[in-house]
Amino acid sequence: MERNVDGIVATERYGSAESWKYVVVQDGVMERRKDGTSSFSLVGVFKSVFLPQGYPESVSEDYLQYQFWDTLQAFASTLSWTLVTQASLKGVGVGNQDATVAAATVTWILRDGTGMLGRILFAWQKGSKLDSEAKKWRLFADVLNDIAMFIEILAPFFPSFFTLIVCTAGVFKSIVGVAGGATRAALTVHQARRDNMADISAKDGSQETLVNLAGLVVSLILIPLITDNFSLSLGLFFLFTILHLFANYKAVRSVVMETFNQARLSIVLQQYLKEKRILSPAEANQREPVFLELKKNTPIKLGVKLQDVVQSPEEFNLALSNNSMPYLLGVRNGCVCVCLGAAASVHDEIRAACQALWLSNMLSSPSSTQHLQTNTKSLWEMVQKSQEVIDAHFQAFLKGVEAAGWDTKRTLLNWDEWRAEWKRKSS
């Protein structure tokens, strides 16, 4: 029996980049042939070296845009670092015959030591916030980094305070290291679509190394020009800083996260209550503030102790009134507090956060501000009202956000760890 020859018996592809076919030729041998041209591709090599395996299917849709702006900011930061390094070396006495190695060593040790303490304290105070507000803290870290570098550039002109200045800059840079590293990890989790966080992180490191090498080459050209020319150094520093901050702003603005934090949930909820329209992740992310805000609505604390919500049997009964949900909500010391039950699900967490956000917005209005301190009864009435509003809209809202592409299996709402269990009165 003769076999069918000259036919394609199978095809295969490598991601979305290359495709191959298996063909049976005249002598009955099966050959593997590449579709299209088989010429050597520099673009293919570049992708293999600097982009995650499986790109673009293995990463989020915003990956390329974010990496472009992140690369640009890293380049600007490298050039600024050259200017700062020159100023720091001058400040510790390089080129000064009166300077001693011991004095320079002590200055460096003090700078590194204060930076280590600052790193520990910042991680202790703000570590849990870095996941839920990754964009804000990412941008904050880069702004603080530029401030630290500006301080270091000016340090040589204040020799009496040089050690104090570089120690202050060291603390700032340690905060930058914690905030920048932690938020980059959070963004890596967002970008990974195949649980390939390590690959994405490794390729990000390769991209940054390439950019730093390019920056060092440019720096070698700049050094002869800026030596003993402070005006030019300062002018270039401000130019690189503007480019650095602009690129960072564009980078965090390009990120489209599909999980809810308080800001994104508030934006989507308010739009839904006003127009019965669910914003897509892209729309909500564009409206999300990326700068740390000094003045906010009535603060919200999620996952607090039971005593932060109720402090008497009467308040406990008010919190349970017409409430079958596994959480209790109240207003205490000007904050909306939510105590979560031990059996609460992720959807319960989203519901509780929606109710807290609605109540916070209502309490922040000028007509309601006076109730925060003067009228406890009115506060509990507003809590009851918030419960009625969420009861009426939450199920439709939840279905809508899931249909719009939001991930409701996990959240970034920054819940604390307190959980409570309580008995309900039998009716």
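This is a predicted model: local features need pLDDT of at least 70, side-chain atom pairs count only at pLDDT 80 or more; totals for chains, interfaces and linings use all residues.

Student: Let's start with helix H5. How far apart are its end C-alpha atoms, and what span should we expect?

Tutor: Helix H5 covers residues 134-154, and at 1.5 Å a residue its 21 residues should span 30 Å. The end C-alpha atoms are 31 Å apart, which agrees.

Student: How many residues of H5 are buried?

Tutor: To count as buried, a residue needs under 20% relative accessible area. In H5, 15 of the 21 residues pass that test, so the helix is largely enclosed by the rest of the structure.

Student: Okay, and how do I describe two helices that pack together?

Tutor: You use two values, the angle between the axes and the distance between them.

Student: Which residues make the contact?

Tutor: From H1 you have Ser 48, Val 49 and Phe 50, while H7 brings Lys 203, Ser 206, Gln 207 and Leu 210. Sorted by class, the contact of H1 with H7 has three nonpolar, three polar and one charged residues.

Student: Where does Asp 195 lie, and what is its phi?

Tutor: Asp 195 sits in the loop between helix H6 (162-191) and H7. Its phi is positive, about 55°, although Asp 195 is not a glycine. With 70% relative accessibility, Asp 195 counts as exposed.

Student: What about Asn 414?

Tutor: Asn 414 is a residue other than glycine with a positive phi, near 60°. Look for Asn 414 in the segment after helix H14 (376-403). At 25% relative accessibility, Asn 414 counts as partly exposed.

Student: Last topic: salt bridges. How many are there?

Tutor: The idea is a side-chain nitrogen of Lys or Arg within 4 Å of a carboxyl oxygen of Asp or Glu. A search of the whole structure finds 16 salt bridges. One of them pairs Lys 173 with Glu 152, and their closest N and O atoms are 2.7 Å apart. Lys 173 is in helix H6 and Glu 152 in helix H5, 21 residues apart, so to speak a link between distant parts of the chain.

Student: Are those two residues buried or exposed?

Tutor: Lys 173 is partly exposed, with a relative accessible area of 28%. Glu 152 is buried, at 2%.

Student: What happens between Asp 391 and Arg 351?

Tutor: Their side chains meet in a salt bridge, 2.1 Å from N to O. Asp 391 lies in helix H14 and Arg 351 in helix H12 (residues 346-364), so the pair ties together parts that are 40 residues apart in sequence. Asp 391 counts as partly exposed at 42% relative accessibility, and Arg 351 counts as buried at 8%.

Student: Which residues are joined into one network?

Tutor: Lys 135, Arg 264 and Glu 288 are, through salt bridges that share partners.

Methods:
Residues are numbered from 1 along each chain as its sequence is written. Side-chain values use heavy atoms; hydrogens and water are left out. Helices (H or I, at least four residues) and strands (E, at least two) are DSSP runs, numbered from the N terminus. The expected span of a helix is 1.5 Å times one less than its number of residues. Buried means under 20% relative accessible area, exposed over 50%, partly exposed in between (1.4 Å probe, protein chains only). Contact means heavy atoms within 4.5 Å. Ala, Val, Leu, Ile, Met, Phe, Trp, Tyr, Cys and Pro count as nonpolar, Asp, Glu, Lys and Arg as charged, and the others, Gly among them, as polar.
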